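Here is a short tour for someone meeting this structure for the first time. Look at the strands, then at the ligand.

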Amino acid sequence: MTDIIFKPIGIIHSEHTVHEDTPIQGIFNPSRGQIEVFKEFEEGLRDIESFSHLILLYHFDRATGKNLTQKPFLDGEKERGIFAIRHFNRPNPIGLSIVKLLDVHDNILEIEQVDILDGTPLIDIKPYVHQFDHREEVENGWVDNTHMDDIGAWNATPKGLRDKERTNREK
Ligand SMILES: C[S@@+](CC[C@H](N)C(=O)[O-])C[C@H]1O[C@@H](n2cnc3c(N)ncnc32)[C@H](O)[C@@H]1O
């Protein structure tokens, strides 16, 4: 197999500079950011403003390893297969986030629900389309056993989850 080489189409700007304080998923987290699409790709943004959500594919450029198993943030007990979790330390360090699109001006997209580190290279943008991307009946594997609401996972950061675990242990 030949190697695959991608050229970034832009950069994702966010308020997150360290893993510890970055949300583990963006959904329900109000964290805002900006996508700077390089000028040479600006024409490709035509019509994007009519979508409320975007799918971003990006390079986990600050991954710290390429593992085949890893402990997920939400279930620190057990190592799980990397293709059954969303951890950034993967053989191909590609991230996927669904973000809310707030505004578009020229080559800049204002976004919300960002779980991405500042300066992350953007590989692609696709519109989120309910008719294509929503499924009614799904099974969520190990995630269903994590009691996401109890641990506040919707808004969690790795540091927040760790602090919560420590507090629970001390009780
Ligand atoms: C659990 S991953 C989920 C990311 C994405 N929603 C997904 O499912 O692929 C979220 C974590 O990725 C990490 N992350 C974000 N941007 C990154 C980057 N450029 N390089 C490495 N890790 C990054 C942050 O630590 C963040 O808490």
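## A starting pair

Begin with one bridge. Ile12 has Thr120 as its bridge partner in E8. This is a predicted model.

The bridge belongs to a wider pairing. Strand E1, residues 10-14, runs antiparallel to E8, and three bridges join them.

Strand E8 covers residues 120-127, and five bridges tie it to E3 in the antiparallel sense. Two facing positions can be picked out. Leu54 sits opposite Pro127 of E8. Leu57 sits opposite Asp124 of E8.

## The barrel

How many strands close into the barrel, and in what order? Six do, in the order E1-E2-E7-E6-E3-E8. Their pairing is antiparallel. On average, neighbouring strands of this sheet are turned by 45° against each other, with direction ignored.

In a regular strand, side chains alternate between the two faces of the sheet.

## The annotated span

The UniProt record, an unreviewed entry, places the feature "domain: TsaA-like" at residues 6-137. In the model, residues 6-137 are 3% helix and 36% strand. The end C-alpha atoms of this span lie 34 Å apart.

## Around the ligand

Now turn to the ligand.

Nitrogen atoms of the ligand take part in several polar contacts. Asp115 places a polar side-chain atom 2.7 Å from a ligand nitrogen. For Thr120, the bridge partner of Ile12, an N or O atom of the side chain is 2.8 Å from a nitrogen atom of the ligand. Leu117 uses its backbone: a polar atom there lies 3.0 Å from a ligand nitrogen.

How much of the ligand does the protein cover? On its own, the ligand has 590 Å² of accessible area, and the protein covers 97% of that.

## Strands in the shell

Technical notes: Residues numbered from 1 in each chain as written. Predicted model: local features only at pLDDT ≥ 70, side-chain atom pairs only at ≥ 80, totals over all residues. Heavy atoms only, no water. Polar contact = N/O pair within 3.5 Å; in protein donor to acceptor, adjacent residues only side chain to side chain. Areas by Shrake-Rupley, 256 points an atom, 1.4 Å probe, with all protein chains shown as cover. UniProt positions renumbered as here; feature names shortened; annotations may be inferred. Helix = DSSP H or I, 4+ residues; strand = E, 2+ residues; numbered from the N terminus. Pairing = 2+ DSSP bridges. Axes fitted to C-alpha atoms, helices over the stretch in contact; angles between N-to-C directions.
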